Amino acid sequence: MANLSLRNGGAAARIAVIPGDGIGKEVTPEALKVLRAVAAATKRSLEFVDFDWGADKFLREGVSLPAGAVEMLRDEFDAILFGALGDPRVPTNQHAADILLGLRFKLDLYVNARPVELLDERLTPLRDRKEKDVRIMVLRENTEGLYVGVGGFFKKGTADEIAVQEDVNSRKGVERIIRYAFEHARKNGLKRVCMSDKSNAMTFAHDLWQRVFKEVRQEYPEIDSRHLYIDTLAMEIVRDPRQFDVIVTCNLFGDIISDLGAQLAGGLGLAPSGNIHPGRTSLFEPVHGSAPNIAGKGIANPFGSVLTAGMLLEFLGWKAEAAALHSGVKEALFKNYLTPDLGGIKKTTEVGDWLAEFVSKAFAP
Ligand code: NAD
Ligand code: IPM
Ligand code: MN
């Protein structure tokens with residue numbers, strides 16, 4: 001997997017753990033199991049502190065993101081391992097907005113790195129595509145855009161109601177994510193960066209993206225940079241995913257294109273992500289949500305969470321350990337040790353146990 005390492009690889013790290021809701025509470029313990037196993041096998045130290053933030057606490061105490069949480073995470077932890085948030089009992093999704101979007105914004109985690117990587121050719125719904133054909137880093141702007149919650153209602157509940165949701169784009173915000181995309185390509189020997197927007201319709205916000213992209217690309221002449229409108233990108237990524245190494249786009253389009261990409265590589269059960277600010281406390285979460293339709297059944301796929309834990313280890317600079325988690329998931333796929341979403345019969349915990357054993361053996365003398 002591409003190098004995301006941004007810290008200097010110290011031997012010990014402190015990780016905050018927020019399992020959240022639904023299957024977040026089922027897959028996160030499996031990722032922890034695997035992280036504990038890899039730390040033990042390599043004699044490194046990982047310290048975990050659990051936080052019960054989520055729908056239960058919100059409904060019980062009215063608290064979503066507790067006061068002082070942001071400063072505590074920023075000052076006392078190297079990284080955050082996150083499950084998922086979302087609960088049918090909270091139809092407004094208020095707690096998820098407060099906690100997840102709150103942490104993305106308040107920790108200024110401006111890079112949402114969502115690698116799309118086909119680990120086994122049998123997993124793609126595309127015809128005749130091999131592993132090497134589907135390998136794309138989707139870099140989603142993560143602190144601005146339509147997600148900032150600027151807007152409001154006018155005459156709410158009447159026949160004349162108006163709802164406004166503003167798309168907020170700063171030059172600084174657009175520039176840093178575009179620059180990160182080029183730097184990511186350069187550091188990882190990737191040849192192509194595609195910026196995607198909808199500047200033909202969003203003539204102010206995405207005009208800014210156009211102008212910034214044209215400026216920044218000039219600093220990276222060795223990289224083949226290209227622009228596609230988001231509708232065309234959605235079509236092209238399905239038609240021929242081999243065209244793409246790095247995709248950089250705004251918050252909302254990145255959300256959508258990363259689910260599309262996840263499905264090209266086997267589905268949401270496998271897709272990892274990192275919410276990153278280089279050099280600062282960053283948050284790692286699978287791309288999937290709390291999946292209320294399967295929560296509590298013990299059948300959620302833990303691969304997404306384990307690959308996410310792998311991204312967290314890369315961020316810490318623990319390259320060999322990160323690679324072991326990645327190999328473990330590949331091997332489990334190869335051996336058909338799978339949960340039902342991938343056609344298997346294994347339980348979430350069985351897959352976690354298997355992966356923990358795999359990584360322990362990987363470092364055995
Ligand atoms: P979802 O990702 O929870 O589920 C979509 C589909 O994929 C469901 O059929 C689900 O069963 C399946 N799926 C997802 N992850 C899986 C896994 N690990 N193993 C097996 N199957 C898996 O998306 P949704 O249903 O649109 O949303 C449910 C709730 O989650 C909502 O409240 C939503 O807002 C929230 N959500 C949260 C996050 C997050 O916390 N980062 C991300 C997406 C959605
Ligand atoms: C994701 C989710 C979130 C998002 C939701 C839960 C707000 O879909 O992490 O992809 O849109 O960013
Ligand atoms: Mn999403």
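I take contact to mean heavy atoms within 4.5 Å, and with that cut-off I looked up Leu46, which touches Ala13, Ile15, Leu35, Ala39, Leu313, Leu316 and Trp318, residues up to four places away in sequence being left out. I note that this is a predicted model, in which local features need pLDDT of at least 70 and side-chain atom pairs count only at pLDDT 80 or more, while totals for chains, interfaces and linings use all residues. Residues are numbered from 1 along each chain as its sequence is written, and side-chain values use heavy atoms, with hydrogens and water left out.

Next I looked up the domains, whose bounds come from an automatic or database domain assignment: domain 1 is 1-110 + 277-365 and domain 2 is 121-141 + 170-271. Their C-alpha centres lie 24 Å apart, and 23 residues of domain 1 are in contact with 17 residues of domain 2.

I then looked up the buried area, that is, the accessible area (1.4 Å probe) that two parts lose on being put together, summed over both. For domain 1 and domain 2 this comes to about 1,700 Å², with 56% of it on carbon and sulfur atoms.

Last, I checked for salt bridges (a side-chain nitrogen of Lys or Arg within 4 Å of a carboxyl oxygen of Asp or Glu), and the count between domain 1 and domain 2 is one. I also found that the side chains of Asp108 and Arg176 meet in a salt bridge, at 2.7 Å from N to O.

Methods
Chains lettered and ligands numbered in written order.
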